[in-house]
Amino acid sequence: MNSFDLLAQFGAESVQFVSDEARGLRAIIAVHSTRRGPAFGGIRTLSYSTLHAALTDALRLAQHMSYKAALADLRAGGGKIVVMKSERLDRRLAFIALGRAIDRLGGSFFTGLDVGTTYEDLEDVAKGTARVASHLDFGKATARGCVAALKAAFEHLEQPGLKGKTVAVQGLGSVGLELAHMLAGAQARVLVADIDDERAQGAARETGAQVVKPGEILAVSCDALAPCALGGALTLQAVKSLRCRVIAGSANNQLASPAAAKALHARGIVYVPDFVANAGALIKGVLEHQAGRELSFDVVDRVGDSTKAVLDRARSEGRPPSEVAERIALERLA
Ligand code: NAD
């Protein structure tokens, strides 16, 4: 498949290749949509085996960002930047050069954090452009959005509130750990798991949560499961062994297949689609950019409104929330 076919497959508007050989920079700026406003999307820094793999990842993630912005009803579009990690990458200078490339886009692209990129990298990007949210607490904003999604899902089930609910958090990185703190603060009973046992033990000490083995967290008996590790956790097999009523977490691409979405629906488990639940940092970033100042974390609570809209429509149409969310996104992007 050639690059134009790939753009067409993902419905993307454009792609720009950024090269600065002296600094080992090879990056792709993918813009999925600017129909609703400028494109927002973080920088992912990873090793890719081929250019095709990097381009596919950038386009898939950019599409995801457009859906996320549309679902949150933001006047913003979606994009993504992929930096191809290599031994030749001179990180500091490369990220400054990337900042300049973003600046040349003239305000049609705003960026932030994603997997493999650090706050230090973002500070370097900020030396080349002002169009970067280098000081946003992405983990906290995203966790707050997950809390809003969990609350809305329990309201949907007419069991409002988090107090006394058991919530299992898979993955205790920048989002999962914040989420565990927030849930403990809301007097939920928190179960945590991470493949890094020190992280799990640390989270338990800090929040009073109970540690569960990583291989058992998906099947633990709880009111809600919050997948906050890597994507693809919800395989058909995993769905069969779930013992929860609600799923809402930050991980991207949680559903391993469309069949997993159907299986969740058939089991009556309320699934808040990932790109609805994990929009917190995007919402705060876009609204702060539009306001020209820092805003309180309260703005993220609109994730509750989008969760309610998706779950209400899914119920009235008798279809899985993931299908309904995608349809709403496409309607708004049309
Ligand atoms: P992170 O890398 O800081 O943390 C991920 C954690 O998951 C790590 O502690 C890792 O050890 C753990 N983990 C990995 N595999 C696991 C497994 N099988 N079982 C249990 N634990 C496992 O990542 P993060 O920034 O906290 O983001 C978490 C997820 O949310 C990612 O999928 C990310 O793409 C997504 N996301 C993050 C943000 C954000 O603002 N940070 C926004 C949207 C989506």
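Which residue of β7 stands opposite Gln170? In this predicted model, Ala193 in β7 stands opposite Gln170.

## Basis of the model

The model is predicted, so local features need pLDDT of at least 70, side-chain atom pairs count only at pLDDT 80 or more, and totals for chains, interfaces and linings use all residues. Residues are numbered from 1 along each chain as its sequence is written, and side-chain values use heavy atoms, with hydrogens and water left out.

## The parallel sheet

Helices (H or I, at least four residues) and strands (E, at least two) are DSSP runs, numbered from the N terminus. Two strands pair if DSSP finds at least two bridges between them. An open sheet is formed by 6 strands in the order β8-β7-β6-β9-β10-β11, with parallel pairing. Its edge strands, β8 (210-211) and β11 (270-271), each pair on one side only. Within the sheet, β6 (residues 166-170) and β7 (residues 189-193) are joined in the parallel sense over 5 bridges.

Strands of a sheet pair through backbone hydrogen bonds, either parallel or antiparallel. A parallel pairing over 5 bridges also links β3 and β5, where Ile43 stands opposite Leu113 in β5. Strand β5 (residues 109-113) is mostly covered, as 4 of its 5 residues are buried. Here buried means under 20% relative accessible area, exposed over 50%, and partly exposed in between (1.4 Å probe, protein chains only).

Thr45 is found in strand β3 (residues 39-46). Its relative accessible area is 2%, so Thr45 is buried. The side chain of Thr45 makes a polar contact with the side chain of Thr117 at 2.8 Å. A polar contact is a pair of N or O atoms within 3.5 Å; within protein, one must be able to donate a hydrogen and the other to accept it, and residues adjacent in sequence count only if both atoms are side-chain atoms.

Ser33 lies in strand β2 (residues 25-33). With 5% relative accessibility, Ser33 counts as buried. The side chain of Ser33 reaches the backbone nitrogen of Arg35 at 3.2 Å.

## Helix α2

Helix α2 covers residues 51-71, and its 21 residues should span 30 Å at 1.5 Å a residue; the end C-alpha atoms are 30 Å apart, which agrees. The expected span is 1.5 Å times one less than the number of residues. Because 16 of its 21 residues are buried, α2 is largely enclosed by the rest of the structure. Just after α2, Asp73 takes a positive phi of about 55°.

## Ligand surroundings

A residue is near a molecule or strand if one of its heavy atoms lies within 4 Å of it. There are 19 residues around the ligand, and Thr142, Ser174, Asp194, Arg199 and Ala229 come nearest. The shell divides into 8 nonpolar, 8 polar and 3 charged residues. In this scheme Ala, Val, Leu, Ile, Met, Phe, Trp, Tyr, Cys and Pro count as nonpolar, Asp, Glu, Lys and Arg as charged, and the others, Gly among them, as polar. Helices α5 (138-156) and α6 (174-185) each supply at least two residues of the shell.

A polar side-chain atom of Arg199 lies 2.6 Å from a ligand oxygen. An N or O atom in the side chain of Ser250 is 2.8 Å from an oxygen atom of the ligand. A polar backbone atom of Phe138 is 3.2 Å from an oxygen atom of the ligand. Taken alone, the ligand exposes 840 Å², and the protein buries 75% of that. Accessible areas come from the Shrake-Rupley method with a 1.4 Å probe; for residues, only the protein chains shown count as cover.

## Loops and contacts across the chain

Most residues other than glycine have a negative phi, and most peptide bonds are trans. Glu158, in the loop between α5 and β6, has a positive phi of about 60° although it is not a glycine. At 69% relative accessibility, Glu158 counts as exposed. Gln187, in the loop between α6 and β7, is not a glycine either and has a positive phi of about 65°.

Gly173 lies in the loop between β6 and α6 and counts as partly exposed at 23% relative accessibility. Gly173 and Cys228 are 55 residues apart along the chain, and their C-alpha atoms are separated by 7.8 Å. Leu236 belongs to helix α8 (residues 236-241) and is partly exposed, with a relative accessible area of 36%. Leu236 and Ala260 are 24 residues apart in sequence and 4.8 Å apart in space, C-alpha to C-alpha.
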